Amino acid sequence: MTSATPNAPPLTDSTRRDPTIAPGLCRPALSLAQREIVRFLRQRSRILGALGTPLVFWFIVGGGLGRSFSLSDGPQNISYMEYTFPGALAAILLFTAIFSMISIIDDRREGFMQGVLVAPVSRLAIVLGKVAGASILATGQATLFLSLAPLAEIPLGVVAVVFTVAAMLLVAVGLTAMGFWLAWLMESTQGFHAIMNAVLMPMLILSGAFFPPEGAATVLRWLTYANPMTYSVALLRHGLHSGRAVALPEIVGIWPALGVTVGFAIAMLGLSSFVATRQSARTLQ
Amino acid sequence: MPIVTVENIHHSYGARVALDGVSFDVASGECFGILGPNGSGKSTLFKILTTLLPPTSGRAAVAGFDVAKQPGSVRGSIGVVFQSPSLDIHLTVGENLTHGGRLYGLGGMQLRQRMEQVSAALGIEDRLKSRVKTLSGGLKRRAELAKCLLHRPSVMLLDEPSTGLDPLARKELGRQLDALRREHGITVLLTTHDMDEADRCDRLAIFDQGKLVAIGAPEELKRRIGGETVIIDAPDADGVTAEIETALRVKVGRADGLMRIETADGAALLSRLLPRFGSRIRSLTLGKPTLEDVFVRETGHRFESRSAPERAA
């Protein structure tokens, strides 16, 4: 201790009558988002992963699937690579979003999140901060993949890039918030992996990203239309083709796609904020 | 006026009872310890007092605010140090303090001043630019304390603060907490299973199996036991116990197979005991009462006898 100085100001404030601190929504949320991004940039392995995953993805989809399959019922005027490109973007967004939320499970038991939970911050601010940080990271990674589009002979105009990046951010917010909600309900990271296999993979596959629902069995078709991911993929597809006349059979129109994606994001943010408020410590026995 | 009030708190996790009717007060400016083995309920109490867990029934107040009904006000009044560090190891000390302060609504000039002040008080001014992962355990704990002091809490709550610290860092932490109390009037409430740490508290609440078994100043608790304690390990404990009781007219207590005799004058007892029973005794200890003795006397079993794989609750 070096506080032996006689006139050191007190570290406690005995004159303060009301210790109620209202830090508001923005400052804590921005701070949490900033922390999320800074710590990502400081971890070399995560940066490598972020750069590597899209490349691997592209080789598999483009070099493997793209040469083996053709769309019998689907649009004839685009390649399989181009058809699956929005799905690849959605997959990157989904996995990045989900993986960055896994840390919440352990963080709440021991780590940074404990300190956040005992601060007078509204739970909505915590959700918004985490989601904003992770969404920006996921969008950044998907944008790297997007930059590979010309290599797959997908023409990209400025309008398409702007629209697609905006769409990716919107999709990322919904998926990250869903990740927050699921992570908060989990007691272990193992449980999270189980959810991923049981729910997230089917969500991705039945999103119209890899095969058009028109050719699928009735049940699968219904599931596809009930799947919020379908609308996210459709929104990305609209983004990629904006400013260009492509005769795509529209699975979902642009307005329903935008509406459902926004609605999904709002619903997930609400749900996350609700579970975080209701059970700060239920699973922390 | 008490700054922490706990009134008849019960808490259960499903069928398992973690806290069973606990009541006590902590006076302002005090260093109050909650001593108990794993599973005694002290961690549950810690979560209740830090607003992370609402009690099943009963009432707890910190700085005059109800932990269940006014958690926001309680959170503004407390600084919490968890067992595992809440610092982000990938960020620098300064960045951790900045993020910590912003969660309490601090920013700009005010935050900078507070950061200077707390880092000076804890001697980490020259570490603000170091990444947390490069710091020693003692320095990490100091940075953690600094973060918790930014918003000028009136009560510091620490969960097993000496866990994972080497003896030197432990001593230093003790000195820092003392200084915070003396110079800044901050009340310190800590949980511990370390007898030395408990001995340094002004007052102590001893927990076992969800119940408060004893409360008071460590010296006072030890005085209640009497003068000295003789602890005897003998192969035929049952037979020897009965014989000693009749021959020497003393009360022999039993805990986990060991015999214990409390007496005003240990040396005198030994001179009577050894000639007759010396050959039947495996080992023998004569000691001033310790908090461990207090615990054994209040609960009838040793402090860590059930510590096996049980999770802290």
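This is a predicted model: local features need pLDDT of at least 70, side-chain atom pairs count only at pLDDT 80 or more; totals for chains, interfaces and linings use all residues.

User: How many helices and strands does the secondary structure of chain A come to?
Analyst: Reading along the sequence, chain A follows the pattern α-α-α-α-α-α-α-α-α-α. The tally for chain A is ten helices and zero strands.

User: Among contacts in chain A between residues at least 6 apart in sequence, what percentage join residues at least 24 apart?
Analyst: Two residues are in contact if their C-beta atoms lie within 7 Å. Taking the contacts in chain A between residues at least 6 apart, the part that joins residues at least 24 apart is 82%.

User: Which helices of chain A are included in what covers the buried residues of H10(A)?
Analyst: Let's start with the helix itself. H10 of chain A runs over residues 254-278, and its 25 residues should span 36 Å at 1.5 Å a residue, which agrees with the 36 Å between its end C-alpha atoms. Its buried residues include Ala257(A), Val260(A), Phe264(A), Met268(A) and Leu269(A). Included in what covers the buried residues of H10(A) are H5 (123-146), H6 (158-185) and H9 (228-241) of chain A.

User: At what angle do H3(A) and H9(A) pack, and are they parallel or oblique?
Analyst: The axes of H3 (residues 80-109) and H9 of chain A are 9 Å apart, and the packing angle is about 120°. That angle makes H3(A) oblique to H9(A). H3(A) passes H9(A) in a right-handed crossing. So the values you asked for are an angle of about 120° and an orientation that is oblique.

User: How do the residues of the contact of H3(A) with H9(A) divide by class?
Analyst: On the H3(A) side, the contact is made by Phe85(A), Pro86(A), Gly87(A), Leu89(A) and Ala90(A). H9(A) brings Met229(A), Ser232(A), Val233(A), Leu236(A), Arg237(A) and Leu240(A). The division of these contact residues is eight nonpolar, two polar and one charged.

User: Does Ser103(A) count as buried or partly exposed?
Analyst: Ser103(A) lies in helix H3 of chain A. Because Ser103(A) has 18 C-beta neighbours inside 10 Å, the class is partly exposed.

User: Which helix supplies the largest share of the side of chain A that touches chain B?
Analyst: Across the two chains, 38 residues of chain A are in contact with 46 residues of chain B. Helices H1 (26-42) and H4 (112-117) of chain A each supply at least two residues of that side of chain A. By class, this side has 19 nonpolar, 13 polar and six charged residues. The largest share, seven residues, comes from H1(A).

User: Over to chain B: what percentage of its residues are buried?
Analyst: Chain B has eleven helices and 14 strands. Along its principal axes, the C-alpha trace of chain B spans about 75 × 40 × 35 Å. Out of 313 residues in chain B, the buried part is 45%.

User: Which residue just after H9(B) takes a positive phi?
Analyst: H9(B) has twelve residues and reaches 16 Å from its first C-alpha to its last, close to the 16 Å expected. Just after this helix, a positive phi of about 55° is taken by Arg249(B).

User: Does Pro235(B) count as buried or exposed?
Analyst: Pro235(B) sits in the loop between strand E11 (228-233) and H9 of chain B. Its C-alpha is 44 Å from that of Lys47(B), 188 residues apart in sequence. Because Pro235(B) has 9 C-beta neighbours inside 10 Å, the class is exposed.

Technical notes:
Residues are numbered from 1 along each chain as its sequence is written. Chains are lettered from A and ligands numbered from 1 in the order in which they are written. Helices (H or I, at least four residues) and strands (E, at least two) are DSSP runs, numbered from the N terminus. Ala, Val, Leu, Ile, Met, Phe, Trp, Tyr, Cys and Pro count as nonpolar, Asp, Glu, Lys and Arg as charged, and the others, Gly among them, as polar. A residue is buried if 20 or more other C-beta atoms lie within 10 Å of its own, exposed if 12 or fewer, and partly exposed in between; C-beta atoms are placed from the backbone. The expected span of a helix is 1.5 Å times one less than its number of residues. Axes are lines fitted to C-alpha atoms, for helices over the stretch in contact, and angles run from 0 to 180 degrees between N-to-C directions. Angles under 35 degrees count as roughly parallel, over 145 as roughly antiparallel, 65 to 115 as roughly perpendicular and the rest as oblique. A crossing is left-handed if the near helix is turned anticlockwise from the far one by less than a right angle, and right-handed if clockwise.
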